[in-house]
Amino acid sequence: MAFQGKKIVAIIPARAGSKRVIYKNIRKLGGKSLVERAMELASSIDIIDKVVLSSDGDLILKEAQKFPSVLALKRPEEISGDKAPAISYVHHALAEVEKGGEYYDIIVILQPSSPFTLAADVRLTIEKLDFDKGIEASVSVMECDHAYHPLKLKRLKGDTLQAYLEEENGKTAAHEIPQLFVRNGSVYVASRKLVEQGIIISNVSNAHIMPRERSIDINDELDFSFAEFLFSKLERKHVG
């Protein structure tokens, strides 16, 4: 396996300035904040050697006090805006966590906005790395919903629908169109080599497929409401 003999660091990015869901990363879902859930998840995975919380928000960083092994890093203002590239906080986190002489070979990014990710999802995404075959990046994905398949996309010319990519030609059933996948925003894994090149998602990456019900990516209030609904449904199932 690609991770054997390698040191792995997990970085949890959690900006304070969410615009569509105010204080998103410290919003509670089932009694725990989203960032707490992410730290709990990362800390439970035995192949991860170090967990880092990267944030520009003091209230978010305070959540790390619940996890003594987690390194809470205050992200500099210049790399905290919503337009700052993700690689900037990765480079900052690596520089800080390695000040004591450690060296990490594999970097994992876990998003707090994906609260239904399981430890198995993280581990399986890491296991998708294959350095012998030149696969230095892996990512979690979900199957594209049939209703939003690219072949179904249309544009309007006046009031008339026109094909965006190509005509459907009567192919509307799920089994008649190709199976496609999209990144679900949950887990990203990259080798140290890629990160040093400024790359997180390589053009050649392997994928771990997650089901739709675990692929919720909270970006607005509707997403959060749906996450609350799913969580309450899961709770009822476990109680029952």
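Predicted model: local features only at pLDDT ≥ 70, side-chain atom pairs only at ≥ 80, totals over all residues.
# Reading rings, strands and a core

Student: How many aromatic pairs does a search of the whole structure find?

Tutor: Rings of Phe, Tyr and Trp (its six-membered ring) pair if their centres lie within 6.5 Å; planes under 30 degrees apart are stacked, over 60 edge-to-face, and the rest tilted. The search finds one pair here. Phe 226 and Phe 229 form it, and they are stacked, at 6.1 Å centre to centre with 20° between the planes. Phe 229 is partly exposed, with a relative accessible area of 42%.

Student: How are Phe 226 and Phe 229 placed in helix α6?

Tutor: Helices (H or I, at least four residues) and strands (E, at least two) are DSSP runs, numbered from the N terminus. Phe 226 and Phe 229 are three residues apart in α6 (residues 221-239), so about one helical turn separates them.

Student: Which residue lies over the face of Phe 224?

Tutor: A charge sits over a ring if NZ of Lys or CZ of Arg is within 6 Å of the ring centre and within 35 degrees of the ring normal. Here Arg 27 lies over the face of Phe 224, at 4.1 Å from the ring centre.

Student: Now the sheet. In what order do the strands come?

Tutor: Strands of a sheet pair through backbone hydrogen bonds, either parallel or antiparallel. Two strands count as paired if DSSP finds at least two bridges between them. This open sheet has seven strands, in the order β5-β4-β1-β6-β10-β7-β11, with mixed pairing. β5 (71-74) and β11 (206-209) are the edge strands, each pairing on one side only. On average, neighbouring strands are turned by 30° against each other, direction ignored.

Student: Which pairings are parallel, and which antiparallel?

Tutor: Take β1 and its two partners. β1 and β6 pair in the parallel sense over four bridges, with Ile 8 opposite Ile 106 in β6. β1 and β4 also run parallel, joined by five bridges. Val 9 has Lys 50 of β4 as its bridge partner. Now go to β10. β6 and β10 are antiparallel, over five bridges. Val 108 stands opposite Val 189 in β10, and Ile 107 stands opposite Ala 190. Strand β7 (residues 137-143) is also antiparallel to β10, with six bridges. There, Met 142 faces Val 182 of β10.

Student: Is β1 mostly covered or mostly open?

Tutor: Mostly covered: six of its six residues are buried. Ile 8, Ala 10 and Ile 12 point one way, Val 9, Ile 11 and Pro 13 the other. β10 is mostly covered too, with eight of eleven residues buried.

Student: What does α1 lie across?

Tutor: Axes are lines fitted to C-alpha atoms, for helices over the stretch in contact, and angles run from 0 to 180 degrees between N-to-C directions. α1 lies across β1, β4 and β6, at about 175° to β1. Eight of the ten residues of α1 are buried, among them Glu 36, Arg 37 and Met 39.

Student: How many residues has the largest nonpolar core?

Tutor: In soluble globular proteins, nonpolar side chains tend to be buried together. A core is a set of buried Ala, Val, Leu, Ile, Met, Phe, Trp, Tyr and Cys residues joined through side-chain atoms within 4.5 Å. The largest one has 27 residues, and Ile 12, Met 39, Leu 53, Val 108, Leu 110 and Val 122 have the most contacts inside it. Elements supplying at least two residues each include β4 (50-55), α2 (58-62) and α4 (119-127). α1 gives the most, with five.

Student: Which residues does Leu 53 contact?

Tutor: Contact means heavy atoms within 4.5 Å. Leaving aside neighbours within four places in sequence, the partners of Leu 53 include Ile 12, Met 39, Ile 60 and Val 70. A second, separate core of 21 residues includes Ile 87, Ala 93, Leu 94 and Tyr 188.

Student: Where does Lys 83 lie?

Tutor: Lys 83 lies in the loop between β5 and α3 (86-97). Its relative accessibility is 80%, so Lys 83 counts as exposed. Lys 83 and Ile 8 are 75 residues apart in sequence and 27 Å apart in space, C-alpha to C-alpha.

Terms used
Residues numbered from 1 in each chain as written. Heavy atoms only, no water. Buried < 20%, exposed > 50% of the residue type's maximum accessible area, 1.4 Å probe, protein only.
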